[in-house]
Amino acid sequence: MQAQHNIHATDAQKAHIARLLLQANLAYAESNSPTSLVQRLKARQECRNYLNEVLAQEPGNAGALGLMGRVEMDEGALDKAHTLFTDSLSQDPAQPQQFTNLGYWAIKSERPALAEQYFIQALEMDRQSAAAFGGVAHAKRLQGQFDVAYLHYRKLLEMGLEWPSIYSGMLACAEHLDVNRADTKLARDAILLLRHDGLPHQEIGRFVGAIIRQQYDLENPNAQVALDAASEDELLILALEKTLMPDPAVEELVTLLRRAIIAEVAQTVELRDELQPLALALAVYADRTGYALTAEDDEERLASAINDSICAQLAMGEQQDGMIGSLIISAMYGALFHQKYAVHLGRWNLVDWPVAMQGMMAASYYNRASEEAIKQNFDEKSAELCLEKTDVPQAWPNWSKLAYRSETSLKAIMATELGMSTEQLPETIRIMVCGAQSGQRAMELAHYLKDVEVIAVDESLANVAKATRLAGEMGISNIVFWPWSIAQQFVTDDHKVHWIEIGRLPSTSMTEVSLAALVSSATGNGAVVHMHTAVNEQTDGDKQIRRLISQHDLKPTRTALRQLRRMVLTNRQDPMWQSLVAETDFYGLGGCRDRWFSKQDSRQLKELMALLSNEVDWKLVKARDTDGHSLATKPVQKQIQAEALGSEVQSLMGQGLSVYFQRRR
């Protein structure tokens, strides 16, 4: 009887452990679900509690050891995680899940080649493991094997998996692919990515443009483009709506299609329903470029006549339906907000327009009106009052979606990635992003880090206004966008920040701004400065255009910027211009204006590097190369010090390193 009782007790204990493990797995799944960070941290602690109970009763439980390793890895304790994974395998070597876990541990440890080996071991044991197969894709991408990784991501999507990490990984690979021929599978992939709402579509403009270049045989001077066929091309329309394609041949295609539409309208006096989706997409695209696209004189005259007609229609009290075609054509050539009839459009709200038109109306009129209202709050607005409407600077870069990230905390990143103690930091960490450039990076920091407040600073009032509007639309409340004057006053009033991120450097005209002085005044003990050691916008073409601007005393008007662009495009086979034509900035008037009329002041970077090279006050805590791989800090520190002492041989300027410094005192 006693022996039988013991068996029953053991069975009951096993059942209890099984229930605890099930609850632990459910809690762990919740800790990685798309809920708030607070909920995820709570679920992670519940998982830990269940696992501690299991391990107290059965210290060698392989499943509990492995899951505890995942919990430790999620909290950044990589050494503990590795020990737990290997302990689990010593209890039960036939666990593909633990080899998968070790693969993700190796990725977090920045060892992608080792990660790939672990994932392959997992797949040898379980050919159906999507987590291991996805891990191989991530490892290949981190090793720069973008084509192989891309095919892995495609396979996962074909298997029906909809993980955000798959889409974002595929998108990250896409821009590195060489597209040398028309490929229907790539076209389908591009459509899939562009349809997916949660992706930063602005980052695959080059990839999509290359597919369209091949699809329309744009390298063939005798290629014919049928307007009706283009109007039914889903990829082309999505690309125009959501990306900027940095390709001169694609730009020519866009201007050709726009010209074909207005030519037909001139003959028939109407915009066919079949052409409306393409015309709307062209209008949105033209706005995204800042109206950089050149138009022939006859097109400009027709657009002007259409605008006069709209004025007359509005004066006569014409209903919306009678103006829709005219407004679409007008928007292909200029912002509706800049037209003399713009004030009359304000009688309607955005939602009063047909749904298909609302994206175009928002870009061409309503968003600009909102941003103009925001600008009125700043003294810098006075500098725009003497400009023609079409010469007022436009925000740049022109982005639309934030990149995908998992929510986390800055304190966790500082502890795990920078090896810093965070005990002395306040509950909310204040970040200042200098040179935010319309704010995508700043908003990603504010959105995905739940223990921060962000001050984003920019010398472009257009960038400040656009980013403020977007932050409001996205409901991101822990961020403000300021011009330099307010940021400097904030620091003068003795406010401190805990993290400074350096983006685009102040231009040479911002003589009253000193990054080094701001960093010195705004930071205290333990503060971090994150910066890059390269200064962009330094191609031979940029330098030549700046010389032309100086020689001819050119002003940053739309006309001048278009003329300079046309000169470059006409002579783009000349080696002087080839690097410039390859730059995304060149395909937006805002980008050209920044490059040529607001040159970054490299002296600001040199002064800041000299300040941070002082090892008494600052410590280099991390350095990454252009591929994101960590570097040994001592050699980088020596280079920085040598440069501060005047040695050009070991200069870091132009190397594109990402460096993190911590203030010692």
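Is M125 buried, exposed or partly exposed? In this predicted model, M125 is partly exposed, because its relative accessible area of 38% lies between the cut-offs of 20% and 50%. M125 belongs to helix 6, which spans residues 112–125. Apart from neighbours within four places in sequence, the residues in contact with M125 are P93, A94, Q95, P96 and F99. The C-alpha atoms of M125 and D273 are 57 Å apart in space, and the two residues are separated by 148 residues in sequence.

The chain as a whole was examined next. It contains 30 helices and seven strands. Along the principal axes, its C-alpha atoms fill a box of roughly 100 × 60 × 50 Å. Among the contacts with a separation of 6 or more, 71% are between residues 24 or more positions apart.

A second residue, Q313, lies in helix 16, which covers residues 297–315. Q313 has a relative accessible area of 14%; this is under the cut-off of 20%, and Q313 is therefore buried. When residues up to four places away in sequence are not counted, Q313 touches E318, G322, M323 and S326. One of these, S326, is itself a buried residue of helix 17.

Helix 17 runs from residue 324 to residue 333 and is mostly covered, with nine of its 10 residues buried. Besides S326, the buried residues of helix 17 are I324, L327, I328, I329, S330, A331, M332 and Y333. In an α-helix there are 3.6 residues a turn, so residues three or four places apart point the same way. The buried residues of helix 17 pack against several other helices. These include helix 16, where Q313 is located. The other partners are helix 14 (248–268), helix 15 (276–288), helix 18 (342–345), helix 19 (355–375) and helix 26 (558–570).

Conventions
Residues are numbered from 1 along each chain as its sequence is written. This is a predicted model: local features need pLDDT of at least 70, side-chain atom pairs count only at pLDDT 80 or more; totals for chains, interfaces and linings use all residues. Side-chain values use heavy atoms; hydrogens and water are left out. Helices (H or I, at least four residues) and strands (E, at least two) are DSSP runs, numbered from the N terminus. Buried means under 20% relative accessible area, exposed over 50%, partly exposed in between (1.4 Å probe, protein chains only). Contact means heavy atoms within 4.5 Å.
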